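Biologist: I'm new to this one. Could you walk me through how to read it?

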Amino acid sequence: MIQVHNLVKKFGDFTAVNNISFTVEAGEIFAFLGPNGAGKTTTIKMLTTLLHPTSGKIELDGLDPTIHQYQARRTFGIVFQDPSLDSEQTAYENMELHAVLYKVSRKVRAERIEQLLKRFELWERRDDYVKTFSGGMKRRLEIARGFLHTPKILFLDEPTLGLDPQTRNQLWTHVKHLNETQKTTVFLTTHYMDEADRVAHRIAIIDHGGIVAQGTSQQLKQQTGSESLEQAFLALTGSSIRDESATSADQMRQVAKMWSPRR
Amino acid sequence: MSAIYILWLRELKRYVRSRAQIVASLGQPLLYLLVLGFGLGPVFQKAGNGSYLQFVAPGVISMTILFSATFSGIAMLWDRQFGFLKETLVAPVPRIEVMIGRTLGGATVALIQGTLILIACLLAGFRPAHLSLFPLAFLMMGLIAIVFAALGTAFGSILQDMQGFQLIMNFMVLPIFFLSGALFPLANLPRPLAIITRLDPLTYGVDALRGVLINASHFGFALDTSLLCAIAMAFLALGGYLFSRIQL
């Protein structure tokens, strides 16, 4: 379903993704693990037509997302790592806008929005502006929105960041359910090894832009002689802590906070 | 089509909901209208050009539309930084539809702002020559709005941060306003200024609006309208192209 060959992304001198190759079969849950700044999000951006690769080849359901952008976008849905909601609209309006963009038919739209907002316990707040929501509520809304339509491929970029265990549980239960009933292919990244261990069929570990190991959780543990996936991960990527530099987006958020206390 | 509609609607909702911003954005044009309109009135009259308020009103309306429309396009910067832009860029909708929805939304908001200022002009004593040409005036205002909303989208597509925004405002939008003949007559200008004003798209917008509202067009209605239409097409194409190439 997803095929990646010798994918490279360079920003100036910096190589964010360095010659990676992997395949995700249809109906598979594939976890992409790596420390901060390893190239996970850059890879997802290239897979989802937000970034052009420097070189290499990608296929999504047989389509090259660099050439057939629009067709490729019809095959997937994505939950982003960082916020992507419209804070000046209500929770319900955000859901509705997404449903229209993703061509969820008018008949099922209202019903599905209600169902998802209830499941993620946002139904009572549906008519409140997103800018009044707490961080956790925003995350929940992003996730609820991501499940509004059922794509062939679902990208989840650190979906559980900042979520409480209840919501995390809801999320993974839903993902597994989709995978089993709709045969949805899932490509996810996370920092929580227990989650990857629990839901992923196969795992790839990426560090400094390159894939250092891939296989089932069992294979990775055996390969490194570790008892847990976390130990295997540390054995493969080392224990030094990585820093990500602040992006212009972070700086803008600072400025925005200064200028408009409402946001 | 429904994607265009929902994104257009979003721009409108944002406008209606930010009342403080509506009031704030009307302040500057009102200053120009009242202070210049009445302040320069006597001099203008003495020079034999008639009422300055009559003359400057179409200019101030055009200015309101220019600022509002360009700003709505550049406001894409916020959507980029706060993430909502991503949501629309990965959606299974041709990017040109996303761009058109946003641009028409911005143009509609600008048209509303322009209409509010037109009403303010009427209250201040502005009297259009032919009331029957009012619908045509709205058409011209709409055309100006589309031209600059498309230009704003083009800028918004390439800008990455606030510094760029300041640059565009100071070196593009303000000169477009000042060089458009919104504040002064185009006749008998020094040659360099005459040439520059003719390169400014807003010149033809202001002139068309003057033609319709106070029956005083410099270039003629046909030339103004056809040029504005051509510029609108060109800017829409440019905006669409740059928007479709956005990478995040």
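Biologist: Which residue just after H3(A) takes a positive phi?

Modeller: That's Lys103(A), with a phi of about 55°. Helices here are DSSP runs of H or I of at least four residues, strands are E runs of at least two, and both are numbered from the N terminus. This is a predicted model, where local features need pLDDT of at least 70, side-chain atom pairs count only at pLDDT 80 or more, and totals for chains, interfaces and linings use all residues. Residues are numbered from 1 along each chain as written, while chains are lettered from A and ligands numbered from 1 in the order written.

Biologist: Which residues of helix H3 of chain A are buried?

Modeller: In general, an α-helix has 3.6 residues a turn, so residues three or four places apart point the same way. In H3 (residues 91-101), the buried ones include Asn94(A), Leu97(A), His98(A) and Leu101(A). Buried means 20 or more other C-beta atoms within 10 Å of the residue's own, with C-beta atoms placed from the backbone.

Biologist: What covers the buried residues of H3(A)?

Modeller: The cover includes H4 (106-119) and H5 (135-146) of chain A, plus H1 (2-17) and H6 (84-89) of chain B.

Biologist: How many residues does each chain bring to the contact?

Modeller: Chain A brings 29 residues and chain B 25, counting two residues as in contact if their C-beta atoms, placed from the backbone, lie within 7 Å. On the chain B side, H1(B) gives the most, with seven residues.

Biologist: And how much of chain A is buried?

Modeller: Of its 263 residues, 39%. Chain A has ten helices and nine strands.

Methods. Buried ≥ 20, exposed ≤ 12 C-beta atoms within 10 Å, placed from the backbone.
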